[in-house]
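Here are some notes for a colleague who is meeting this structure for the first time. Please keep the sequence and the model open while reading the points.

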Amino acid sequence: MNTITRILGELHAELADDRRGAPADYIPELSHVDPDLFGIALTTPDGHCHRVGDAEAPFTIQSVSKAFVYGLVLDANGPEETERRVDLEPSGDAFNEISLDPVTSKPRNAMINAGAIAITGLVPGDSPEQRFEWLRLGLSAFAGRELTLDAEVYRSETETGHRNRAIAHLLRGGGILGDRVDEDLDLYFRQCSLQITAEDLAAMGATLANGGTQPITGDAVISEDSVERVLSVMCSSGMYNASGTWIARVGVPAKSGVGGGVVAVLPGELALATYSPRLDELGNSVRGLRACEELSRRFNLHLFNSPTLADHFVRRAYRLHESGSTRVWSAADRDYLSRAGANVAVLEIQGDIIFATVERLSRTIGDQAYAQIVILDCSRVGLVDPHALMVLNGLAQDLASGDTQLVVVDPNERIDRTTGLDEVASVVNELDLALEGAELTLLRSAGFGDRAETIELADCDLCAGLDPDQVHVLADHMDSQTFAVDDALCRVGDLPDALYVIHEGSVDVRVPGPGRLSGRIAALSPGACVGDVGLIDGQPRSADVVATEPTRCGVLSAKNLAAIGESHPKIYADVLRNIMLTNLDRLRRSGTTFAERRD
């Protein structure tokens, strides 16, 4: 049992002895249920369900169906046609009140019986059975399984639903229902008589919490716009004339039914469903209300609690010269970048990109207005609201008008490219590539970008301090090898049989596999040496070295290096010294930064 299920179980035990209220008796069949049944189910938007008690006990959906049928009808008919029949205002009346606007004759909202019957009248289809099947399949899609009719409850509803008949004929008289009043009313009775469980109801609520997509099946049941409208009406009217008290105490959109069910939906987080047939005087489940109120308090679910906005949304801010890419540049390039790197600002952000955080981000980026390039690292971003991206798009345009380029790092593809952000900003999938690109831009703008295409052996790092004769000895012991793009100089696990001096081209050093420690750890240009450490410690290769453009290397085998050690110990010692100094310099410049980016 996990922690959430344990907490639900403790609450279930606390409330089990509350025997206030009684099952509904105005529908005779509902009075026959076991009044002490009590189940709680909590389902997340990814479909995981925590359940305790009688969460799998069947009961009829009754008025809880109103919210879900409302969503289906909104999708089928559109909001304008739906609102032409039913308003969006809370009524303050009981669920079965004859509550029509005195001017328009429209029901106040879709959560009371008058509004729900009007909404059912909009269910499409050419025959009663076709319309019921459309409705049943729609509610089944919410639940993620086939729902069936409780024939006995349906019969009982039909025999005793006189008040609903009166409401339906008033709707007909006001032009809200058409001439198939009896058919619409019968469909409403069947809708309320579908059999569900608390677990089903939690799955249905989780579909709303998940933006209209059923989290288990992955089916898109209704649109996000319809979900927004449904939850809004649930918030104001879902608990009838107790809705004001509910939203103040619980603070979550909800819907109850006289069958004993209650569903509460916190968008993006969870759906909570309870079943307990003992009702209070307003027709709401006594234990269900208490369970939702207590869980809202324990888990801080109230919609109007002020969220903790990201005081640390900008995780880290630095300039390029403080922490550059893993590209190994020449000494002259490094010297220039140590000065010009202040013109590139890097912001690492974390958490969700919503309006409040992107507004704060826009001010932070605005403070970097003097930067030539702003790099926005979204590696640790979770949710990205597409509406908030519109603010980010505008910010990128403002920066561009001031000759500042925005580069967005999006390795997890959180950024929806259809918003057009990639048209006003550069979007890349690795921070290191963004840093390298910024360095290259700076170098080229200052004339440093045109490095020689070929670096001779004497000018390579391996030969620092060697005189021409010593370089000649080293060259005599080396072979030449060329590599096409994506060819591997060596792979993880290979024996360290040679080192490679890059004369032309470029290579990446990459650690393969999942996780933050994978990816490119270095990029080497002409003049650099790779594979040298393995010749010293004798351990198998720990990274892949892959050519990123046509590359020519000098290859010094382990056997030939040993031969130099025997015949020219001074050259051998100087080569080992250069290997050590070069790698120490790389560690000083990139080791700490590498760890920081993956912590």
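1. The bridge partner of Ala-488 is Val-546 in strand E21, and strand E16 (residues 488-490) pairs with E21 in the antiparallel sense over two bridges; pairing requires that DSSP finds at least two bridges between two strands, and strands are DSSP runs of at least two residues, helices (H or I) of at least four, both numbered from the N terminus.

2. E21 also runs antiparallel to strand E18 (residues 507-511), to which four bridges join it, and Val-545 in E21 stands opposite Val-509. Within E21 (residues 544-547), Asp-544 and Val-546 point one way while Val-545 and Ala-547 point the other, and all are buried, that is, under 20% relative accessible area with a 1.4 Å probe, protein chains only.

3. Helix H2 (residues 65-77) packs against helix H5 (residues 128-143) at an angle of about 110°, with axes 10 Å apart, and the two are therefore roughly perpendicular, a label for angles of 65 to 115 degrees. Axes are lines fitted to C-alpha atoms over the stretch in contact, and angles between N-to-C directions run from 0 to 180 degrees.

4. The model is predicted: local features need pLDDT of at least 70, side-chain atom pairs count only at pLDDT 80 or more, and totals for chains, interfaces and linings use all residues. Residues are numbered from 1 along each chain as its sequence is written, and side-chain values use heavy atoms, leaving out hydrogens and water. The mean pLDDT (the predictor's confidence in each residue, from 0 to 100) of the protein chain is 89, and 93% of its residues reach 70 or more.

Technical notes: Angles under 35 degrees count as roughly parallel, over 145 as roughly antiparallel, 65 to 115 as roughly perpendicular and the rest as oblique. Buried means under 20% relative accessible area, exposed over 50%, partly exposed in between (1.4 Å probe, protein chains only).
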